[in-house]
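Open your viewer and keep the selection tool handy. We will take a short walk through a few parts of this structure, one selection at a time.

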Amino acid sequence: MANKIIAWVDRRFPLTSFVKHELTGYPTPRNLSYWWNFGFLAGFVLVLQVVTGIFLAMHYKADVNLSFDSIQHIMRDVNYGWLLRYMHATGASAFFLVIFIHMARTLYYGSYRRPRELLWWTGQGLLILLMATAFMGYLLPWGQMSFWGATVITNLFRATPFVGDQIVIWLRGDFTVGDATLTRFFALHYLFPFLIVGAVVVHLVALHTVKSSNPSGIDLSHKDNIPFHPYFTAKDFYGLGWFLIVYCVFVFFYPDSLMEPANNIPANPMLTPNHIVPEWYFLPFYAILRSVPNMVGGVVAMGLSVMIFAFMPYLDRSRIPGGAHYRPVYRVLVYIFALDMLVLGYVGYTPPTDGTILLGQIAAFVYFMTFLCLPFISKAEENWLLKRGFHPELEALVAAEQSAIALRNGGGVK
Amino acid sequence: MANDETLAQPGRRDFLTQITAAVGGVGVAAACVPFVASMNPSSDVLAKATTEVDISHIPPDGVHTVPWQGKPVFIFHRTEEQIKQMQASNGVLDPATDKTRVQQPQWLVVVGVCTHMGCVPNKEGPGWVCHCHGSEYDDSGRVIRGPAPKNLEVPPYHFVDDSRIVIGVA
């Protein structure tokens, strides 16, 4: 009976062939490490956020007079409301953590390189959408941090030439962040996750066109691809178990650790808290904004600090295959960059003093210089490695790959 | 109906296609106007554009903060000494004489929104300090330390009599 139904569907819709080609039988490099789990985890967190968000929306009220109290209502009166909210709030942090690791893996292993430029750029678009969604969601509890965070970020648009002030009023629907701002942020916070789902489909179509990269950085598809199921379903679900352990520790034992205490005070447009900080995942970019003494310059620098990742396929001019593992200079650069992000995060968290401002300016300089020097460094590294010889593992991989290509083209191994 | 003459002139058909696409594009753009406009401040938001304030109870050296258009407005009752100091200086990053910033020298009326990122500065010692990013303003609301690019905005206002002002109308 089941077979008959499937056959009936298959004559009208490519169900079996789709599942076989794109899901169970999707050819996957067999040498993928656990760093390749984070795309799947990002998808999982997306679903988690959509589900918890929809149930929270059933109890939340988007109105300046009601929203703060409706959060308290969710926390105290709604059955398991505390759980839904802590899952959603922790989920936002988890989403960024997973995405940052996903991006770090791409940078380390050079997965952004040809032919995966479009895959990388759709990911860049997803990052922007994620940031926008998280930012708008943070206004909804209508606490002091919500209000002043939204005030500062919408103010960034004042840097728009000529119509800056009008743009800010248009975005807010009021002269300050107010009721109009709250309701539109709620509407868009509900919409954007579905745009993200759409963009994820595009991201996956691009992925399934060029296929997954792998730690060697060489296309091993001729001999080393294995079906996604059961090998990587098993690996992904094992990783999911570890992810859920960490996630649940935060949800159940430290749910407040990632929340600012000041957000437990209702928004007061007449009083700015002495120390306003964004959520941890925006801290490095916020530090770059603050480190430029000129307002427009700061906004431009911050925008560029997010968008500059898109240029990676062209900034990295090396043709040496393999990721940072086989490229000692590039590897050092990746570590410097990661360390610099931590320094920027620290600077973004501390109140501005002369010392932290200077540290922030140095770190912001290093941030951009790692990107801007990359074309020269990568080329110099390529020349040096060509002269000195590759890593023995890479040498073996390249030789094996060349013989495989020769075999496939009908010639024998020389 | 297409006859031989029109078929011989494919350029005319291309032109019609382009014109139709252009008109359609203008129509789509026009249809966007109400949606974009709906996000601008509504009439009730615009209606709270003026605020009347009784200033008689503000002591010398005292600041009274009132909401105007949802923004805080500082009404600062300056002492003789403060007035003298402010009239002697000219600001730093956005120079302006004290005269251009007040209607009556003992009353400074400025929008309490930092011109950098929109935080509310605190009254600390002489002038104001914005804790978000460290901008400082003097007792005339002029910026003396960045990153704020401009002086605190002076809203349109007028004195109804000696003890009352209306903010929002010059």
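Keep in mind as you go that this is a predicted model. Begin with chain B and select its strands E2, E3 and E4: they form an open sheet in the order E2-E3-E4, paired antiparallel. E2 and E4 (107-111) sit at the edges with a single partner strand each, so one side of each has no neighbour in the sheet. Turn the view to look across the strands, and you will find neighbours turned against each other by 20° on average, ignoring direction.

Now zoom in on E2(B) and E3(B), an antiparallel pair joined by six bridges. Pick Trp68(B) there, and opposite this residue you will see Lys71(B) of E3(B).

Next, bring chain A into view. Where do the chains touch? On chain B, 23 residues are in contact with 24 residues of chain A. Strands E2 (63-68) and E3 (71-77) of chain B each give at least two residues to that side of chain B. By type, the chain B side splits into 11 nonpolar residues, 11 polar ones and one charged.

For the last stop, colour chain A by domain: domain 1 covers 34-143 + 179-261, and domain 2 covers 279-414. Their C-alpha centres are 24 Å apart. Across the boundary, 22 residues of domain 1 of chain A contact 20 residues of domain 2. Select helices H5 (81-109), H6 (117-139) and H10 (221-224) of chain A, each of which gives two or more residues to the domain 1 side. H5(A) has the largest share, six residues. The domain 1 side consists of 12 nonpolar, six polar and four charged residues.

Notes. Residues are numbered from 1 along each chain as its sequence is written. Chains are lettered from A and ligands numbered from 1 in the order in which they are written. This is a predicted model: local features need pLDDT of at least 70, side-chain atom pairs count only at pLDDT 80 or more; totals for chains, interfaces and linings use all residues. Two residues are in contact if their C-beta atoms, placed from the backbone, lie within 7 Å. Helices (H or I, at least four residues) and strands (E, at least two) are DSSP runs, numbered from the N terminus. Ala, Val, Leu, Ile, Met, Phe, Trp, Tyr, Cys and Pro count as nonpolar, Asp, Glu, Lys and Arg as charged, and the others, Gly among them, as polar. Two strands pair if DSSP finds at least two bridges between them. Axes are lines fitted to C-alpha atoms, for helices over the stretch in contact, and angles run from 0 to 180 degrees between N-to-C directions. Domain bounds come from an automatic or database domain assignment.
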